[in-house]
Each structure stands twice: as structure tokens, then as C-alpha cells.
Amino acid sequence: MSAESSAASNTRRVLVAITGASGSIYGVRLLELMRPLPDVETHLILSKAGRVTLAAECDRSAGEVEALADTVHAPGNIAAPPASGSFRVHAMLIAPCSIRTASNIASGNTGDLISRAADVMLKERRLLIVGIRETPLHLGHLETLTQLSRLGAVIFPPVPGFYSKPTEVSDIVNQTCMRMLDQVGVEIDVAVRWGE
């Protein structure tokens, strides 16, 4: 889909990046939830380390996950469309986000497409959601996340709410992904909401 046709049809472009941190299921589930939506165009960047974690945690091939996105960009291709501010992207979700990726973004180290696209989101004042996946956090990690917040990123660790009384891992993943998509303005009710 061209930039002109995307803008004309009010389609929202959402870029999902999956890094090598544990929790690749979050990125996969985000893509699954957005796949049937006619007004959302999904783009995916799957890092080299993300491929390794995906295979270890989800028993899914990179090809299976890439098939969930409308467009896939190679992580080393810093000439890909999301590397430019003129390529309009409504939101970028890095889920999961490794500390290394968060650090690269916070320090302006844009040597790969994930960090470059995230940097573009920040400089263009667009929505960047960082699903940081690390624990415990030392002071350096916290300073990195504080810097990202100062730059305009939404820090969104996948911390589940247990008021929904989850009984399966998928319940926890669904709630977290639903809340992430709420940030983007994509409302999908796949989990219990407080008071509803």
C-alpha cells in the first residue's frame, strides 16, 4: 500500500518490533490481534536475536510470524521506509524490548532498523511504546528508561493485572496486548477490563 493510499483510506500503520528479550509471544499476539482489522496496516521488524528467542519460546518459525504482518522489513536495512520520517507510521510497539535495544534508542545509536525507526518515531513526535522485558532493573536500566520517557516514549513493561483472574498464560498475554493496543487507539476486547 502506498503512502498516499494509506493516508487517503485513514488506515493506521502500526510497526511492531520483536527483539531478543524473553516474551516474543507479546509481539506475536499483537500481530495476531491486528491481522483481521481492515483499518490497520501492520509492519514487522524481527531482529536476529528475536528469531532465536521466538523459536525457543513459541515453537514458531520466523516465517510463520512474518506472515502475520502486511509488510516485513529486514532488521539491517536502514534504508527501509520506517527509517524515514516521511513514511508515516501511527505507532511503533517494541514488544518485547531488550535492554540493549532500549539503550540504543535512548542514546541515539541508530545502527539497526529497530533503533532507527524508534528514533524516527521520537523525532517526529509519534507514539513509541517500549515493552521492556528485564528484571530486576539496576540503576543504569532505570536511567535508560527515564531517558526514553523524557524523549516521549511510553514505557510499558508487560506487568499483568490479576483482577481478571487469569487461568492460562494466554489470558495474561491477551490482557497486556489489549492494554498496549489501547495506547495506540486500537480497541480489541480480548480480556476482562476493570469494572466491566
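Reply: In the largest nonpolar core, which has 30 residues, V16, L30 and L93 touch the most other members. Such a core is a set of buried Ala, Val, Leu, Ile, Met, Phe, Trp, Tyr and Cys residues joined through side-chain atoms within 4.5 Å; buried means under 20% relative accessible area, with a 1.4 Å probe and protein chains only. This is a predicted model, in which local features need pLDDT of at least 70 and side-chain atom pairs count only at pLDDT 80 or more, while totals for chains, interfaces and linings use all residues. Residues are numbered from 1 along each chain, and side-chain values use heavy atoms, without hydrogens or water.

Among the elements giving two or more residues to this core are β1, α2, β4 and α8. Helices (H or I, at least four residues) and strands (E, at least two) are DSSP runs, numbered from the N terminus. With six residues, α2 gives the most. L30 touches L93, A95, C177, M180 and L181, leaving aside residues up to four places away in sequence; touching, or contact, means heavy atoms within 4.5 Å.

Now for α8, residues 169-184. Its buried residues, including V173, C177 and L181, pack against β1, α2, β4 and β5. Where α2 meets α8, I25, Y26, R29, L30, L33 and M34 face partners that include I172, V173 and M180. The two helices pack at about 65°, with axes 10 Å apart; axes are lines fitted to C-alpha atoms over the stretch in contact, and angles run from 0 to 180 degrees between N-to-C directions. α2 and α8 are therefore roughly perpendicular, a label for 65 to 115 degrees.

Key:
Expected span 1.5 Å × (residues − 1). Buried < 20%, exposed > 50% of the residue type's maximum accessible area, 1.4 Å probe, protein only. Parallel < 35°, antiparallel > 145°, perpendicular 65-115°, else oblique.
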